[in-house]
Amino acid sequence: CLAGAMSTKAQDYSSLLLNLDPASLAKGSTSFITSAGAYLAGQNAAAMSLSDKKMSIGAGYCLLPEKIGGGNAASLGTYYKTKSGFAFGLGANYMASAPISGAGEGGAPLESFKSSDINAHLGLSYRIVKGLSLGVSAKFVHSALTPSLSSIAFGADVNLAYRNKGLSAALGVANLGSKLKYGESEVSLPAMARLGLAYSVFGLQVSAEVDQLFSGGTMAGAG
């Protein structure tokens with residue numbers, strides 16, 4: 001698999017850019033187009049109505065690499081598809097840093113702590129016609145930099161998904177919403193436009209994705 005990215009601006013909340021879905025990690029982080037069914041509500045809700053499965057449940061846990069601060073992360077997701085073309089899904093991701101030490105007034109050492117992020121989402125999709133569906137997701141974000149400094153924000157995704165035989169495509173916007181406020185500082189959610197394509201043949205799938213951040217920067221992946 002291949003993956004590439006240009007850096008986002010410092011004021012973007014990068015936690016929403018980390019894909020904890022094991023299927024996405026195995027395919028070049030093309031999470032928008034290849035996310036496993038259980039995690040669709042948070043990545044591409046529109047695809048829930050086009051899934052072959054009526055429902056799916058998934059959970060995962062991983063250690064985060066040192067280059068992004070270390071720590072650990074856990075994910076949980078599920079969805080249910082009705083016969084009428086509607087589908088509903090929800091899930092959450094939790095990330096915690098490695099223990100952080102600091103000093104208070106006068107240089108006195110402080111008890112170590114972990115910064116943490118919780119990202120929860122609720123998704124709804126509807127199959128407009130055969131092979132084409134529309135999806136929306138509402139997101140809740142809680143970010144704690146220190147035990148006494150935290151903030152919450154709300155966001156939304158809107159996506160279209162298409163599927164015909166071996167071809168899958170997705171188009172949408174993600175992370176449109178409010179800002180996290182830490183005292184006098186503000187951090188934006190990483191709002192972006194997303195495009196993904198995938199093709200399956202003889203049990204094999206190739207995929208590609210491009211994400212254009214509204215704050216500047218492009219991320220791309222292939223697998």
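Q: Where is lysine 165?
A: Lysine 165 sits in the loop between strand S7 (149-164) and S8. Strands (E, at least two residues) and helices (H or I, at least four) are DSSP runs, numbered from the N terminus.

Q: What sort of model is this?
A: It is a predicted model, in which local features need pLDDT of at least 70 and side-chain atom pairs count only at pLDDT 80 or more, while totals for chains, interfaces and linings use all residues. Residues are numbered from 1 along each chain as its sequence is written, and side-chain values use heavy atoms, with hydrogens and water left out.

Q: Is lysine 165 buried or exposed?
A: Exposed, as its relative accessible area is 78%. Buried means under 20% relative accessible area, exposed over 50%, and partly exposed in between (1.4 Å probe, protein chains only).

Q: New topic: what is the phi of asparagine 175?
A: Near 60°, a positive value in a residue other than glycine. Asparagine 175 lies in strand S8 (residues 167-177), and counts as buried because its relative accessibility is 3%.

Q: And phenylalanine 202, where is that?
A: Phenylalanine 202 is in the loop between strand S11 (192-201) and strand S12 (204-213). Its phi is near 55°, also positive, and phenylalanine 202 counts as exposed because its relative accessibility is 83%.
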